[in-house]
Structure formats: C-alpha cells, structure tokens
Amino acid sequence: MVLEEILTRLTMWFFYALIPCLLLDGVAVLPAPQNLSVHSTNMKHLLMWSPVFVPGELIHYFVEYQGEYESLYMSHIWIPSSWCSPTKSPECDITDDITATVPYSLRVRATQSSETSAWSTLKHPFNRNSTILNPPVMEVTKDGFHLVIKLEDLGPQFEFLVAYWRREPGAKEHVKVVRSRGIPVHLETMQPGAAYCVKVRTFVKAIGRHSPFSQAECVKVQGETLPLALALFAFVGFMLILVVVPISIWKMGRLLRHSCCPVVVLPDTLKITNSPQKLISCRREEVEACATAMLSSEEPFRTWI
C-alpha cells in the first residue's frame, strides 16, 4: 500500500511537472521553426526556415527583428516584420526591414489556432554588408552607328560602372557611370566595320562594395557601307532634282505659252522691210506716175472724138 501510494504521488508529480513544459502563457506549444538562415543577393534579403508540420492544420509564422538601435536604446525591443507578421510561407523578405549596415537579430515562431511555438532565433546576427553582389543582366545593341546598353533594374541603391572599348590592339578602355535603370543608354558613336565590347559591374554606396565585372559582350557594325551608298545616291538624286525640276518648269511654261498664245508668222510679201516714211514716199511717186500715165492715155481718145 505504501509503495502503491508513493508510485501514485510520483505519477501525479510528474504529470503536474510536465504541464508547464507543454504550455506557454497558458497556450499549448507547437514545435519551433528550425534551421534559420538568411540568403542575401544584390541587397535582397530573404530569411528562410524549415516549416512546421501539423497534420490537417494550417500553420502561420511571425517574424521579428532587432537592430543595433533597438538593442542599445530601446530596451531590446523586437519589431514585427513589415511583410511577414503573419505569413504562411516558410520564408520572409526582410529587405525593407534591414535599413542600416549594422547587425540584426532575427527570430521566428509558429502559430496554429490557440497554439504557439517558442521563438527560434537566428544563430548569428545578419549584416547586409555580407550580401552577395552579382553583375546585372545587360543587353548590348546597336542603333545605326550608336552603341546602346540596357541594364537590369536592381533598385535605387545601385550604380553601374560600364566599361567599353573598340576591339582592336591597344584600344583604350572607357568607363561611364550609369544610374538609369531599365532605360537604354547611349555609350558611343561607332565606326563602320568596327567591333565594340562592353562589360559592367555594380556599386552599392551604402555598403561600400562592388560586384565583379560581367562577361564582355561585343557587337559589330556590319554592312554599314550600304547606308552610306544610299546617302550618296540620295544626295546625287537631290542635286539632279534641283537641276531638272527648274528646267522642266521652264520648258512647260514655254509649251503652255505657245499653246495658249501662239505666234503668227507673216509671209515675206506682207513683211515691211523698209521704214514707214520711205514706204510712204515710194507710194506717192508711184501714184504720181500712175496718174501721168492715165492722163496720157486719155488725150488720143479726146482727139478722136
């Protein structure tokens, strides 16, 4: 009996001792998320963890962070993440939460209905200066004789150092700082028949680091003599137009003038070759001679009568 009573009391003590371990603030405890890690590339920070599985139940997660300021000046307060309190996915984009280049502590817990897990904290604080910087995606094209580049938009914190050169021995490399994102940028006017190469790397002023250069991409101006010949042909054609059009207009004017107002040519017999005064004098002499002849012919006729 004594042994049975002792065993019963031990069982009850163990039961009541186990209850606080299964409760947190009076709520049953879920397994805490495990394997927390941060994957950061080109200043995009993603906190990831192993999901918590409960058969037939939907699990939500809450993410909180604590920066250097919160730790030193705000009594170690934890701030809920902007986008992940709560979230159904076992990952959280904390890019907007990491606003300074200082160590950040991160923690996650799981909830399901009235149950909640303990907080699981990132083993080592995260600092954004550890982000992996990769060169941007670029597109190198030619627009006529213009060398044009279009760069991937990585965000407002990025600048791009673009190096370009003419592909020939001893060519000088030029560097241009580009801040425009997603917009075509003119680099240089190319020479016909020449090849030009471009490479680029990023620079982030907030962390004072830059990425390695990308692989060089080259373009060549091929067959550009045809546009030159066309331009020459167009110039010659323009000059011919300047000459031919006025001549054609002049000839058309003459044709219309002769068609509408023709010039009448008099026969030679009707043309006056002498001056009018001389002609009048000559005709007076002819008239006097004619009159004399007429008078002479009338005298025999009067005698006969």
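**Labels and the values behind them**

Analyst: Arg166 has a relative accessibility of 31%, and it therefore counts as partly exposed, since buried means under 20% relative accessible area, exposed means over 50%, and partly exposed is what lies in between (1.4 Å probe, protein chains only). This is a predicted model, in which local features need pLDDT of at least 70 and side-chain atom pairs count only at pLDDT 80 or more, while totals for chains, interfaces and linings use all residues. Residues are numbered from 1 along each chain as its sequence is written, and side-chain values use heavy atoms, with hydrogens and water left out.

User: What makes Arg166 and Glu168 a salt bridge?

Analyst: A salt bridge is a side-chain nitrogen of Lys or Arg within 4 Å of a carboxyl oxygen of Asp or Glu. The closest N and O atoms of Arg166 and Glu168 are 3.6 Å apart, so the pair meets that rule. Glu168, with a relative accessible area of 42%, is partly exposed. The structure holds 4 salt bridges, and in general side chains of opposite charge can pair when their charged atoms come close.

User: How do you know that Arg179 and Glu159 form a salt bridge, and where in the chain do the two residues lie?

Analyst: Their side chains meet at 3.1 Å, N to O, and the pair therefore counts as a salt bridge. It links distant parts of the chain, because Arg179 is in the loop between β14 (174-178) and β15 (185-189) while Glu159 is in strand β13 (residues 158-166), 20 residues apart; strands (E, at least two residues) and helices (H or I, at least four) are DSSP runs, numbered from the N terminus.

User: Why is Arg179 called exposed, and what is Glu159 called?

Analyst: Arg179 has a relative accessible area of 51%, which is over 50%, so the residue is exposed. Glu159 has 23%, and is therefore partly exposed.

User: Why is the pair of Tyr65 and Tyr104 called tilted?

Analyst: Rings of Phe, Tyr and Trp (its six-membered ring) pair if their centres lie within 6.5 Å, and planes under 30 degrees apart count as stacked, over 60 as edge-to-face and the rest as tilted. The centres of Tyr65 and Tyr104 are 6.2 Å apart and their planes are at 50 degrees, so this pair is tilted. Tyr65 belongs to strand β5 (residues 60-66), whereas Tyr104 lies in the loop between β7 (91-93) and β8 (105-112), 39 residues apart. Both Tyr65 and Tyr104 are buried.

User: What makes Arg107 a charge over the ring of Trp119?

Analyst: A charge sits over a ring if NZ of Lys or CZ of Arg is within 6 Å of the ring centre and within 35 degrees of the ring normal. The charged end of Arg107 sits over the ring of Trp119, 4.1 Å from its centre, and Lys199 lies over the face of Phe213, at 4.7 Å from the ring centre.

User: How do you know that Thr116 is buried?

Analyst: Thr116, found in strand β9 (residues 115-117), has a relative accessible area of 11%, which is under 20%, so the residue is buried. Its side chain reaches the backbone oxygen of Ala110 at 3.4 Å.

User: Which residues have the most contacts inside the largest nonpolar core?

Analyst: They are Leu147, Ile149, Leu151, Phe160, Val162 and Val198, in a core of 24 residues. A nonpolar core is a set of buried Ala, Val, Leu, Ile, Met, Phe, Trp, Tyr and Cys residues joined through side-chain atoms within 4.5 Å.

Definitions and conventions:
Polar contact = N/O pair within 3.5 Å; in protein donor to acceptor, adjacent residues only side chain to side chain.
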